[in-house]
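I wrote down what I looked up, in the order I looked it up.

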Amino acid sequence: MVMRPVRAIARSVMRGIVACYPLILLAIAWEAVARLGYVRPVFLPPLSAVIERMIPLTLAGDLLQPLAVSLYRAAAGLALAIVLGVAIGLLMARMRAVRWLIDPLIAFGFPSPKIAFLPIFILWFGIDHLTKIALVAFTCVFPVIVAAYAGATTVPTNQLWAARAMGTTSLALTWRVVLPASLPSLMSGVRVGVPYALVTAFTAEMIAGGGGLGGEMVLAQRYFETPTVFAYLLVMLATGYLIDHGVLALRRRVLRWHEDAGARDL
Amino acid sequence: MSAGALFAARALLSRLLPFALFLAAWQALATSGLIAANFLPSVRAVAGALIDLGASPSFYADLGITLWRSLGGLMLGAVIGIPLGAGMAVSRGVDGLFGPLVKATYSLPKTALIPLLLLWLGVGSATSMVAVMFSTLLPFVVYTYHGIAGVPQILVWSARAMGTAQRRLLWKVLLPASLQAILTGLRIALGFSFVIAIAAEMIAANTGVGKLMFIYGESGAYDYMFAAVTAIVALAFVADRITVSISNRLLRWDDIENRLG
């Protein structure tokens, strides 16, 4: 009786490994090309050398400390973007004047390359945490505003009338009816924002320095410490992957009551 | 003037007015003395710098280089990404080979490749372009894949029943039916291309607008720095609008709700 699930698990693990064969092939090809001396190790160190480098980096705290700094900047910027974006998006949905004022600015700002504003942010906020947090917030606020606005405008008028008829005040209406109803859309906006937050934090660090994974990576590149560059690259890849899947799982949990909960979007 | 044109002009004016208010607030703040002139150059100073840059050939050279790097990389991304996405949608073998690679690298912050490319290709256009190529590849692959995979089976069956050959099926049915998805991918890729090209120039380059901004910033010419930022943001906006209008022209035959905003 116990054997069956074990065997089923083993089979699904096997299937998973088989499905990932291109990644395994890639790893073997990488190792082989580097080991056989087709390229100089300063350009492409073997995968094993990269993993070997990760051990002393981890022990010295040189992987986790920069990662924590980067994550802090990305999370703080995203949190700021969510607070500002939800407020602006809901105001736009509830007040015509705000919509008239903000909508054209968003239409102009959304497609703009936010990274171009980095020199201005460095001028205003210096080269430490604040610049990166501000740039992350500036990048992520646009999808959050659009998602909050879109979500708030989809609330059925019947629900608004019903709440009003029961004597709900305008503020409570926004907080208890409009905001929950716009949560599914909002979560999609946040999901779009999460990778933006990460990439913006990493990129701003690469440009402006001041630690974090991006800053350390560029330093390693300047000293031609190629295995370290690859080690940071793998950490960034893993971070992006885990966080992306984490947000998806969170979305499924938070929106259990919503019919879209199982929906997968790209 | 007809009533329709009058209405359109009024609508446009109503959309432009918030920008005028924004600029007026900026100018008022900059000249109020609350903020040091170094921190926030006035709108007048930035406009003067912008006019000055507009008359300088070397600024166009920098702008041209940035544009070449972003659009050149975008073209490479399209040339590789669209066939790859189409191949993954129609062939299980291709999907099995590239699908896991796409999934594994989908959430990699693409600028992370720039330090590596600097090691491989050195400082210059090649690094920027290849970085742009990698970052625009995925939107092309993903949107082409989903576009073709989402073509209603009934269209394929109908074409087959009428004796359409496999190759003609791709060109006459699958690609046109997924055009809207591919163009959406193009618009996203275009946005990425500017970000990556500018970021690569800011990390390490000798030319381009990204580099120019930092030169102005380091020499304290903040009005010129703001002007350069304004120029590249305006350029990205125009490129986005051109892409949207070309897309809508190409999708004239399609349902109106499928057009881009």
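**Entry 1: a charged residue**

My opening question: does A:Asp103 count as buried, partly exposed or exposed? I found 29% relative accessibility, so A:Asp103 counts as partly exposed. My cut-offs are under 20% relative accessible area for buried and over 50% for exposed, with partly exposed in between (1.4 Å probe, protein chains only).

A note on ground rules before going on. The model is predicted, so local features need pLDDT of at least 70 and side-chain atom pairs count only at pLDDT 80 or more, while totals for chains, interfaces and linings use all residues. Residues are numbered from 1 along each chain as its sequence is written, chains are lettered from A and ligands numbered from 1 in the order in which they are written, and side-chain values use heavy atoms, with hydrogens and water left out.

**Entry 2: the partner of that residue**

I looked for what A:Asp103 pairs with and found B:Arg15, in a salt bridge of 3.1 Å, N to O. I use that term for a side-chain nitrogen of Lys or Arg within 4 Å of a carboxyl oxygen of Asp or Glu. A:Asp103 lies in helix H5 of chain A and B:Arg15 in helix H1 (residues 3–31) of chain B, so this pair joins two chains. Helices here are DSSP runs (H or I, at least four residues), numbered from the N terminus. B:Arg15 is partly exposed, at 37% relative accessible area.

**Entry 3: the interface**

How many salt bridges did I count between chain A and chain B? The count is one. I also noted five residue pairs in polar contact across the interface, both residues at pLDDT 80 or more. A polar contact is a pair of N or O atoms within 3.5 Å; within protein, one must be able to donate a hydrogen and the other to accept it, and residues adjacent in sequence count only if both atoms are side-chain atoms.

On chain A, the helices that each supply at least two residues to the side touching chain B are H2 (21–35), H5 (96–109), H6 (118–125), H10, H11 and H12. H12(A) gives the largest share, nine residues. By class I logged 38 nonpolar, five polar and three charged residues on that side of chain A. In this scheme Ala, Val, Leu, Ile, Met, Phe, Trp, Tyr, Cys and Pro are nonpolar, Asp, Glu, Lys and Arg are charged, and the others, Gly among them, are polar.

For the overall extent, 46 residues of chain A are in contact (heavy atoms within 4.5 Å) with 49 residues of chain B. The buried area is about 4500 Å², and carbon and sulfur atoms give 81% of it. That area is the accessible area (1.4 Å probe) that two parts lose on being put together, summed over both.

**Entry 4: an enclosed helix in chain B**

Next I checked helix H5 (residues 113–121) of chain B. Seven of its nine residues are buried, so the helix is largely enclosed by the rest of the structure. The buried ones are B:Leu113, B:Ile114, B:Pro115, B:Leu116, B:Leu117, B:Leu118 and B:Leu119. Their cover includes H10 (183–208), H11 (212–222) and H12 (226–254) of chain A, together with H6 (125–149) and H9 (179–203) of chain B. After H5(B) comes B:Gly122, with a positive phi near 80°.

**Entry 5: salt bridges inside chain A**

In one of them, A:Asp128 meets A:Arg73 at 3.9 Å, N to O. A:Asp128 sits in the loop between H6 and H7 (129–153) of chain A and A:Arg73 in helix H4 of chain A, so the pair ties together parts that are 55 residues apart in sequence. A:Arg73 is buried at 1%, whereas A:Asp128 is partly exposed at 45%. A:Arg73, A:Asp128 and A:Glu205 form a linked network of salt bridges.

A:Ser70 is in helix H4 (residues 64–94) of chain A and counts as buried, at 1% relative accessibility.

I also logged the pair A:Asp244 and A:Arg191, at 3.3 Å, N to O. A:Asp244 lies in H12 and A:Arg191 in H10 of chain A, so the pair ties together parts that are 53 residues apart in sequence. Both A:Asp244 and A:Arg191 are buried.
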